[in-house]
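Dear colleague,

I am passing on the structure below, and I would be grateful if you could look it over alongside the notes that follow it.

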Amino acid sequence: MRRAFICPSKYVQGENELFNLGYFVRQYGTSALLVATKTSVKRVREALDATAAKFGVTFVETDFQGECSRNEIARLSELARKHSCHCTVGLGGGKALDTARCVAAGHGLIVVPTTAATDAPTSHSAVIYKPSGEMEDYAYFLRNPDVVLMDVSIIAASPLRYLVSGMGDALSTYFEARASQRSCAPVNAGLPCGARTGDCAPARGTMAAQALAAACYRTLLDDGYKAVLACQAKLATPALENVIEANTLLSGLGFESGGLAAAHAIHDGLTALEETHAYLHGEKVAFGTLAQLVLENAPTEEIDEVLEFCTSVGLPVCLRDIGVVDISAEDLRNVARKACLPEESIHGMPFPVTEESVAAAIMSADALGNAYRS
């Protein structure tokens with residue numbers, strides 16, 4: 001079977017890198033659509049103005065409304081056409097970056113995360129949500145971002161919760177890539193531009209992707225807690241820099257070229273519960289990872305290692321941690337049903353998965369998390 005590896009053209013990480021944004025915009029022209037909330041722009045206004053002046057570029061501001069929905073994508077796409085923007089810059093959190101990805105549609109995209117909260121920055125795919133916050137669909141594009149620009153200074157000053165959420169997203173990478181490898185499941189790396197219609201043969205992940213996924217997990221275990229302490233003090237230490245890279249680059253390449261499995265599908269199922277909407281993507285993925293380990297009957301030592309890590313950095317280990325205090329049988333069925341939709345990544349597990357087995361795994365993971373806490 002063919003193998004494929006997919007990645008952004010450039011990944012740049014360092015302190016005060018936002019001052020170099022204009023250089024990358026200049027490779028396309030002099031005008032960029034800036035997909036960012038007013039709050040995100042306010043945080044980095046000085047650097048934006050400085051890089052615009054230094055490199056002679058203009059940022060067309062958009063006041064992103066906070067949800068990567070079809071309506072918002074259409075509104076911003078029209079704004080880009082109206083101002084004849086030469087490229088698109090996504091600045092902020094995962095939903096701003098996904099929206100920028102959809103507006104750019106595979107052409108002239110620079111992403112500038114202001115947190116290390118997800119592994120979305122490097123990806124050629126985006127998650128589209130309904131205006132209510134419920135996950136609706138995935139979008140795939142021909143190319144990954146042209147530039148991923150990580151400003152360590154900005155991320156170090158961001159709220160700790162976002163860094164920890166990014167660790168939750170990155171935590172799943174190794175286990176999902178491992179499951180995909182065992183099942184020989186096709187991964188997104190082989191699915192740009194038409195695979196869903198059969199125009200492109202599926203591809204398996206590469207050894208490189210597996211190695212990156214394993215390095216991601218080791219980095220989290222080695223440096224995760226130290227990075228939490230550094231972020232609390234708003235210091236750019238080597239441990240924090242390593243975790244930023246793990247959350248973004250190692251996890252991003254590991255998931256996209258290694259494959260997804262149950263953890264992200266269970267996350268998608270959990271979005272059907274309104275009480276989870278106040279929680280970040282990585283927080284729900286962390287619990288989804290525990291549920292995946294239960295689903296595949298992973299060794300007790302491995303589950304304990306994950307529980308210990310999650311507890312040490314402040315990630316959820318039970319349903320209560322993501323706002324679900326008392327789940328009804330009907331709600332549990334809805335979560336499991338959504339997680340098991342035909343297009344979901346849960347079918348990358350190396351064995352048949354049913355709604356009943358997913359529901360049981362969720363409740364068992366919840367019990368394990370509660371028992372570990374007590």
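**What was found**

The axes of helix α8 (residues 207-232) and helix α9 (residues 238-258) come within 7 Å and cross at roughly 150°, the axes being lines fitted to C-alpha atoms over the stretch in contact, with angles from 0 to 180 degrees between N-to-C directions. That angle makes α8 roughly antiparallel to α9 (the term applies over 145 degrees). The residues of this contact comprise 15 nonpolar, nine polar and two charged, where Asp, Glu, Lys and Arg count as charged, Ala, Val, Leu, Ile, Met, Phe, Trp, Tyr, Cys and Pro as nonpolar, and the others, Gly among them, as polar.

This is a predicted model, in which local features need pLDDT of at least 70 and side-chain atom pairs count only at pLDDT 80 or more, while totals for chains, interfaces and linings use all residues. Residues are numbered from 1 along each chain as its sequence is written, and side-chain values use heavy atoms, without hydrogens and water.

In helix α3 (residues 45-55), Ala47, Leu48, Thr51, Ala52 and Phe55 are buried (under 20% relative accessible area, with exposed meaning over 50%, for a 1.4 Å probe and protein chains only). Seen down the axis of α3, these buried residues fall within an arc of 130°, so they line one face of the helix, whereas the face turned away from them carries the exposed residues Glu46, Ala53 and Lys54. After α3 comes Gly56, with a positive phi near 65°.

Gly314 lies in the loop between α12 (300-313) and α13 (329-339), and its C-alpha atom is separated by 9.5 Å from that of Gly168, 146 residues apart along the chain.

Notes
Helix = DSSP H or I, 4+ residues; strand = E, 2+ residues; numbered from the N terminus. Parallel < 35°, antiparallel > 145°, perpendicular 65-115°, else oblique. Arc of directions from axis to C-beta.
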